[in-house]
Structure formats: structure tokens, C-alpha cells
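Subject: Handover of a structure and its findings

Dear colleague,

Please find the structure below, for your records and further use. The findings follow directly after it.

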Amino acid sequence: MIWRWSLSGASGDRAHCCATNRRVITGSSGKPSGNYLEEVKTMDIVRIDGKTLTSDDLVGWLKLSGRFSHVVQDIIKEKLAATAARKHGLTASPDELQNRADQHRRALGLHRAKEANEFLDDASLSLEQYEAFLEDALLAEKMRADICSEAAIEEYFSLHAPQFDAVELSHLVVTGEGKAREIVSLLGEDPDSFDEIAAEHSTAESASDGGRVGKVMRGALNPTLEAKLFNASVGEVLGPFDADSENTFEIFSVTAKYDAVLDDTTRDAVSNLLYNEWLETAARDFKVEV
């Protein structure tokens, strides 16, 4: 149980948990079940000109604005990982929970027990629900660390290295196919003038930087365009290609090519791939229904 809301080294008061209009979630053992969302009741969030906005209204707004699914997906991911962690025998120690609570309350600016109690009371949450929230987050992190171990990352990279090749690009966007072909002709005579021409003629935001896009990894572009750019030579100009808007055309210059290297950026990319693949499998194994 997390009692010490005070700063490290302070008195360590036991946080009082107001139980008004809510109850602690427990399983058959009488301990918190971990489902800290189950008992969160409808609550008033704000009043505007006498009209109350409730948590139900918030959910409706999230759905209508298209943001609800993103929130739900984040919750599902954490719950899946925490559930799998428990099945694998992973646990969060009291010290780990306490450290996470300390980090969390400091991030929220809760420096005294009274402030922490008021925070939970305002959210209509019990201390046990808060502990379950922290435990889920810790277990999800531990599960991800197991899935995305250094050995797993290195093995995936060794099998899929070309997937992490990259090219450095500049581009420009113009209106009208005739103008686009004229620019391609000019660049054919003087490829080094790409920056200058992009700054003068391109309608893309990158024009102010001479059309520079930067490093692009495989998978970021549509497959047809990607194949042409990754097969091009450094300094080669390609285009014009139809752009997204009507009667606009895009021209590219390949300024550098990079063979895959397992650096920090690639490690992060491999870790995300491994974890997302695991989540897809876990969603089937645990029969997630939305």
C-alpha cells in the first residue's frame, strides 16, 4: 500500500482516502482488483454559464471529435501488457510503487499529503485505485522491457536490416505540369541549383529551407515513390510526380543514402515494431472486444 505522499525523507504520513460516493475495488481476496476504471462514476467536470459538463459529456465529446478511439487504444495497450505481465509472474514491489507514486505526484505538483488527498477526492478515486493505476503502468513497462530486450532488438535488426535503410531528400512542389517539367530540365543541367530553385518556386513549407526534407526511412512514403527514391543515386533528380493537390507536382533530389545502422533511432524504431507486433498477438490471445 502506498502511504508516503510526502517528499522523500519527510514525515511519511499515511494519506487519508475519502470514501464518499465511492468504494474500493476489491477481488475475492479483499485486495484491490487492479481494475481502477471499473468504479469511476459519472462526475461533474465544470460549470459554464450554469450548465454542467459531466464525465459522460466528456466521453461523448471525445467520440464526436474522433479522439475517443486513441484514448481507448492507449488504455487497451497498457491493460494488455499489465495482464500479460501478471501471467508471466512479473510484479511491482512496494518500493517501486512508492517511487512511481513520488514521481507522479511531483509531476502533478502535489508536494504535501493534503494536496494528494484533495487530488484523489476531486477525481473521486480511492488510494487503492490510484495504486492499481500505478501498478498497471509499472507492469506494462516491465512487460515491454521483456519483449523489447536488447537481444530481441538485435535479432530483429539482423533479419530485417534493409528495412531500416534511409535516404536524405530535398523536394519542391509547383503548380502546373509544364512548369514542373521545365524545372526538371533546369535541374538536369545544374543539379546543385536545387536549393535555390526550391526557395524561389516551391509552394511547400520546406521552401524556406531550400526544399530540405531530411532523412526518410523506408515505410514513410507510398511504395511506388519509395522504390524509385531508394533506388536512385545520390544527386539524382526525380520527377515530376503528381502531388496530393490537384494540378500540383513534386520533384525530389536524393542528397544522401544511409545503410541501416543499429543506432538509438533505429533501436527505438525496432522496439516499437516488436511491441506493436506483440500487442496484435496479445489482443487476439486475450480476446479484446471494443
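This is a predicted model: local features need pLDDT of at least 70, side-chain atom pairs count only at pLDDT 80 or more; totals for chains, interfaces and linings use all residues.

Leaving aside its neighbours within four places in sequence, with which residues is Leu225 in contact? With that exclusion, the contacts of Leu225 are Phe241 and Phe252, where contact means heavy atoms within 4.5 Å.

Residues are numbered from 1 along each chain as its sequence is written, and side-chain values use heavy atoms, with hydrogens and water left out.

Leu225

Leu225 belongs to helix 9 (residues 223-231); helices are DSSP runs of H or I with at least four residues, numbered from the N terminus. With a relative accessible area of 11%, Leu225 is buried. Buried denotes under 20% relative accessible area, exposed over 50%, and partly exposed in between, using a 1.4 Å probe and protein chains only. Between Leu225 and Phe241 the C-alpha to C-alpha distance is 8.6 Å, at a sequence separation of 16 residues.

Salt bridges

A salt bridge is taken as a side-chain nitrogen of Lys or Arg within 4 Å of a carboxyl oxygen of Asp or Glu. By this rule there are 11 salt bridges.

One of them joins Arg86 and Glu135, whose closest N and O atoms are 3.4 Å apart. Arg86 lies in helix 2 (residues 68-87) and Glu135 in helix 5 (residues 127-147), so this pair ties together parts that are 49 residues apart in sequence. Both residues are partly exposed, Arg86 at 36% relative accessible area and Glu135 at 24%. Arg86 and Glu135 also take part in a network of salt bridges that links them with Lys79 and Asp136.

Another salt bridge is formed by the side chains of Lys142 and Glu96, at 2.9 Å from N to O. Since Lys142 is in helix 5 and Glu96 in helix 3 (residues 94-107), the pair ties together parts 46 residues apart in sequence. Lys142 is partly exposed at 25%, and Glu96 is partly exposed at 29%.

Arg181 and Glu177 likewise meet in a salt bridge, with an N to O distance of 3.0 Å. These two residues are 4 residues apart in helix 7 (residues 177-189), which means a separation of about one helical turn. Arg181 counts as partly exposed at 48% relative accessibility, as does Glu177 at 37%.

Yours sincerely
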